[in-house]
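Thanks for coming, everyone. I'll keep this quick. Please look at the model on the screen.

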Amino acid sequence: NLEIKGEYLYCTNHSCCPAQVKGRIINWITNLDILEWGDKLIDQLLLNKKIEKISDIYKLTEKDLSSLERMGQKSAKRCLDSLELKKTITLQKFFGSLGIPNCGDSTLDLIIKGGFNSFEKIMGVTDKNISGIKGLGDMRVKSFISFISDNRDEINEINKNLKILSTSTSLAGINFCFTGSFKTAKREV
């Protein structure tokens, strides 16, 4: 199903359109910076019906991956290890990686700063409690609420596999590397 919006042509078959399904999965993998996963691997997984949505990648086993063309046990293990390393993410990264139409980082930032600073609060969003956030236009509010409503089961399924960090600190999700040396001192008892 195609629909013209302004000067653009959109496919309205969000859940079944193979290109949109692939795009959502690649968007998720790319935004989380999961290094071992590329377009060709996603293509093979989709072609072999091993995945159909984002949450399916968290159900894959080493056997599922190693059975694919040009994928041995070592490569399969590296893929699963790289996925495991990215299971702790911020709230904004989680919702930003879902590819919500018309809702980029600035929209999510407004929503989170507007009091929706936990997974549960965002999942409970309604047009009445979100429309009062300054800076959110009607189009973004409708798009956000519609996406959450239409994808509630999938969002909850993805969440089961991750640890979402609170956004109460600006340092959440940031890794630090300290270099150099320091002098140790003995503690007197």
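Let's start with the aromatic rings. Trp28, Phe94, Phe95 and Phe119 are joined into a cluster by ring pairs. Keep in mind that this is a predicted model. The count of aromatic pairs comes to 4.

Take one of them, Trp28 with Phe94. The ring centres are 5.7 Å apart. The planes stand at 90 degrees, and over 60 counts as edge-to-face, so this pair is edge-to-face. Where do the two partners sit in the chain? Trp28 is in helix H1, and Phe94 is in helix H5. Are Trp28 and Phe94 buried or exposed? Both are buried.

Now the nonpolar core. The largest one has 50 residues. Trp28, Trp37, Leu65 and Phe95 have the most contacts inside it. Several helices each supply at least two residues of this core, among them H1 (18-31), H2 (39-47), H4 (73-85) and H5 (91-96). Helix H9 (138-150) and helix H10 (152-159) are also on that list.

Look at Trp37 for a moment. What does Trp37 touch, leaving out residues up to four places away in sequence? The list is Ile29, Ile42, Leu45, Ile57, Leu60, Leu65, Cys79, Ser82 and Leu83.

Cys79 brings us to the cysteines. Cys79 has 2% relative accessibility, so it counts as buried. Cys103 is at 8%, and it counts as buried too. The cut-off for buried is under 20%. How many disulfides does a search of the whole structure find? The search finds 0.

Next, helix H9. H9 has 13 residues. From first C-alpha to last, H9 reaches 18 Å, close to the 18 Å expected at 1.5 Å a residue. Which residues of H9 are buried? They are Val141, Ser143, Phe144, Ile145, Phe147 and Ile148. What covers them includes H5, H6, H7, helix H8 (127-130) and H10.

One of those buried residues is a serine, Ser143. Why does Ser143 count as buried? Its relative accessible area is 13%, and the cut-off is under 20%. Beyond its neighbours within four places in sequence, Ser143 is in contact with Ile100, Pro101 and Asn102. A polar atom of the Ser143 side chain lies 2.4 Å from the backbone oxygen of Pro101.

To recap: a ring cluster of Trp28, Phe94, Phe95 and Phe119, a largest nonpolar core of 50 residues, and a buried Ser143 in helix H9. Thank you.

Definitions and conventions: Residues numbered from 1 in each chain as written. Predicted model: local features only at pLDDT ≥ 70, side-chain atom pairs only at ≥ 80, totals over all residues. Heavy atoms only, no water. Disulfide = S-S within 2.5 Å. Buried < 20%, exposed > 50% of the residue type's maximum accessible area, 1.4 Å probe, protein only. Core = buried A, V, L, I, M, F, W, Y, C linked by side-chain atoms within 4.5 Å. Helix = DSSP H or I, 4+ residues; strand = E, 2+ residues; numbered from the N terminus. Contact = heavy atoms within 4.5 Å. Phe/Tyr/Trp six-rings, centres within 6.5 Å; stacked < 30°, edge-to-face > 60°. Expected span 1.5 Å × (residues − 1). Polar contact = N/O pair within 3.5 Å; in protein donor to acceptor, adjacent residues only side chain to side chain.
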